[in-house]
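Thank you all for coming. I would like to take a few minutes to go through one interface and one stretch of sheet, with the structure up on the screen.

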Amino acid sequence: MTLTTPMSPDGPPSVRIRDLTVVYRTAAGELPAVRDVSMDLAPGTVTGLVGESGSGKSTLALSLLNAVQPPGRISAGSVDIGGLGDVVQLRGDKLRQARGGQIGYVFQAAQNSLNPLKTVGKQLLDLGRSHDVKDLRALVAEARDLLARMGLDGARVLDSYQHELSGGMRQRVGIMLALVLNAHVVVLDEPTTALDMITQANILEIIREIHAERGLTTLVITHDIGVVAEVADEIAVMYGGRLVEQGPVRAVLGDPHHPYTRGLIQAIPRLTGDIDEAQALPGRPPTLTTIPDQGCVFRSRCALRMDVCDTVDPLFQSTGDRMVACHAVAPAATFTTTTSESEREMTPSRAWSGIGSGRREPAADGDGVVARETNEGDSA
Amino acid sequence: MKGIARRLAGHLARGLVMIWVVLTFTFVIVSIMPGDPVQAEYELLLQQGHSPQQAEAQTAMLHRFRPTGSVLEQYLEYMGSLLRLDLGQSVVTRVDVSTILGEATRWTVIPVLIGTVLSFVLGVLIGVYAAIKRSGKLGDALTLSGSLLRGLPDFVVALILAAIFATLWPVLPRSGAVNILYEPGFNLDYILSLGQHAILPIATYAISSYGGWILAMKSSVVTVLGDDFILAAELRGMKRSVIFRYIARNAILPLFTIFALSIAALFSGAIFVERIFNYPGLGMLLINSIGRRDITVMTGAFLLITAAVIVANIVADMFYTVIDPRVRRAGDAA
């Protein structure tokens with residue numbers, strides 16, 4: 001479905017995230033929840049972002065709307081959204097209009113994303129007025145239409161309060177409110193968590209349909225790989241605030257490269273076969289305070305750990321059909337694109353600059369050199 | 001609407017039952033209380049040479065309590081007169097109890113209402129501010145002031161105010177409701193005197209309840225700020241004014257209940273404050289009538305305070321029904 005559903009003359013917008021770092025202020029100083037994340041969302045695709053709780057996926061999602069909540073803040077990087085420019089630089093009314101107007105955000109169903117004291121219809125009108133919609137009647141008609149397409153009685157739902165709607169209905173109302181202003185980029189934060197299986201399947205189907213119909217660029221955040229397999233074209237895996245692997249869903253799920261992705265997939269119990277075949281990853285994910293400030297974030301749980309992993313961040317680089325951040329995986333691939341070439345060259349200089357600034361221990365010196373040699377040796 | 005009417009009818013029925021229960025208790029307490037003035041009067045009349053029938057008729061007419069007959073008969077007679085809305089006359093002054101209560105109620109209701117509304121408005125506004133600035137020094141200071149004032153009973157506040165503004169720095173009158181030298185009526189001197197006398201009681205009511213409002217509003221706003229729908233509204237690009245209304249309406253909801261109840265509580269809570277400022281309200285009346293064993297006034301005052309609490313409860317609940325759709329629609333469905 002890529003690039004085949006142009007909605008406007010310029011085509012649907014896409015999202016380019018570059019070197020995004022989001023930090024949270026804590027008693028121990030500002031700690032990164034998302035670090036140096038670069039990611040593209042191709043126009044018309046559904047990307048599934050998976051990761052454990054605390055991996056930074058929700059923080060990354062909020063960054064798309066420049067809505068990271070204090071004490072967090074975006075400390076570096078950019079989020080370019082087609083037709084909007086860099087969202088990180090947007091302020092005031094422009095930012096507010098972009099939220100809801102161009103970028104829709106759908107909350108988790110179990111969370112109550114509606115004002116309990118107002119009917120859905122009144123909140124729809126609040127939304128319309130906030131975005132200076134001239135024709136409120138048309139807005140209501142559009143909302144009714146969207147709800148009808150999701151199998152709901154639009155008029156009745158608009159006249160209802162939140163407490164009168166079921167979880168699945170609320171979720172559809174959330175999707176309606178995210179799309180009714182014609183947003184072209186949609187972020188769904190755990191859209192099916194806390195829904196029963198039938199409703200879950202329903203919602204996923206709706207997401208797929210509306211996505212295709214409107215030519216949206218969609219990011220689905222979940223900790224459920226099944227949801228990604230169901231709905232997404234692309235998958236991105238987050239761990240400890242880093243993107244560790246990204247690529248086409250079939251390729252990544254069929255043949256995961258990063259040891260973390262591999263571990264995640266092995267941990268899923270199968271319908272057929274013994275429950276013991278599912279293997280849990282040993283150890284626990286890092287928290288904000290235990291994320292190592294240098295080296296690979298996954299190394300403490302990694303079976304493929306090498307010396308270089310302790311000191312040098314693996315780069316998120318292309319290995320053919322996907323991007324992977326792993327010392328044990330990346331060098332095996334052949335580099336053809338110019339971007340990965342330039343990124344690869346940056347590795348040693350980054351390692352050096354870290355040492356040069358004196359923030360790291362002298363002992364790291366040798367490792368840095370080794371890392372550079374390893375990189376050069378392997379790529380040759 | 002049908003739901004609301006049903007709800008109201010249910011409340012009224014329960015309210016009447018509660019009033020009946022309280023009246024019965026009052027009756028029992030009064031009939032076992034030592035120093036019964038009716039009995040005393042009855043014996044006095046007998047000594048004066050009246051026949052038992054005459055004496056009985058006279059005391060019954062005066063006090064609504066039959067000094068003879070079984071307790072059950074007395075009780076039925078008492079209830080019967082209340083059903084005719086007849087509260088009887090004061091044992092001491094022979095004035096109609098309803099007149100006495102009406103006079104005293106004015107002196108309680110108006111200052112209590114002004115004080116409570118004042119502290120409600122101030123407390124809510126400052127509470128919102130303290131919630132927004134909760135991580136700053138000023139927010140902390142406001143919260144602390146709320147906690148301190150909340151711990152201070154109204155009679156302590158009253159004594160402190162009296163000590164400062166009537167004794168150490170005598171700018172306000174110490175006691176009474178008005179300077180008796182002025183002609184009652186619509187003239188400037190009289191009204192100014194009324195105002196001057198009301199300042200300290202009103203300030204006491206306001207200060208002693210204000211701390212509670214700050215704390216209640218602050219925690220309510222903080223709770224609502226953490227609610228998902230506020231972040232959701234922000235992420236949908238709602239205007240700040242819209243979001244502020246969402247916060248305000250949701251946060252103030254639980255406070256209306258406390259507001260109505262606190263007004264009811266102040267009717268009885270005014271006892272100490274009115275005593276300190278010698279203010280002729282319901283609290284004063286109650287204390288004086290107890291001291292004089294003025295049974296009819298006493299029971300009348302109890303009845304009024306009970307009714308005020310029950311009515312305030314009903315008003316709070318009905319108001320909630322109007323402003324909270326969750327309660328309203330639930331009532332419709334029932």
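How much area do chain B and chain A bury between them, and what share of it is on carbon and sulfur atoms? Before I answer, please note that this is a predicted model, in which local features need pLDDT of at least 70 and side-chain atom pairs count only at pLDDT 80 or more, whereas totals for chains, interfaces and linings use all residues. Residues are numbered from 1 along each chain as its sequence is written, chains are lettered from A and ligands numbered from 1 in the order in which they are written, and side-chain values use heavy atoms, with hydrogens and water left out.

The two chains bury about 2,400 Å², 56% of it on carbon and sulfur atoms, where buried area is the accessible area (1.4 Å probe) that two parts lose on being put together, summed over both. In terms of contact, meaning heavy atoms within 4.5 Å, 22 residues of chain B meet 30 residues of chain A.

The rule finds one salt bridge across this interface, that is, a side-chain nitrogen of Lys or Arg within 4 Å of a carboxyl oxygen of Asp or Glu. Asp132(A) and Lys239(B) form a salt bridge, with their closest N and O atoms 3.6 Å apart. On the side of chain B that touches chain A, helix 9 (228-235), helix 10 (240-277) and helix 13 (325-333) each supply at least two residues; helices here are DSSP runs (H or I) of at least four residues, and strands (E) of at least two, numbered from the N terminus.

Turning to the sheet, strand 1 (residues 15-26) and strand 4 (residues 72-81) of chain A run antiparallel and are joined by eight bridges, pairing being called if DSSP finds at least two bridges. Arg16(A) stands opposite Asp80(A) in strand 4 of chain A, and Asp80(A) in turn stands opposite Asp86(A) in strand 5 of chain A.
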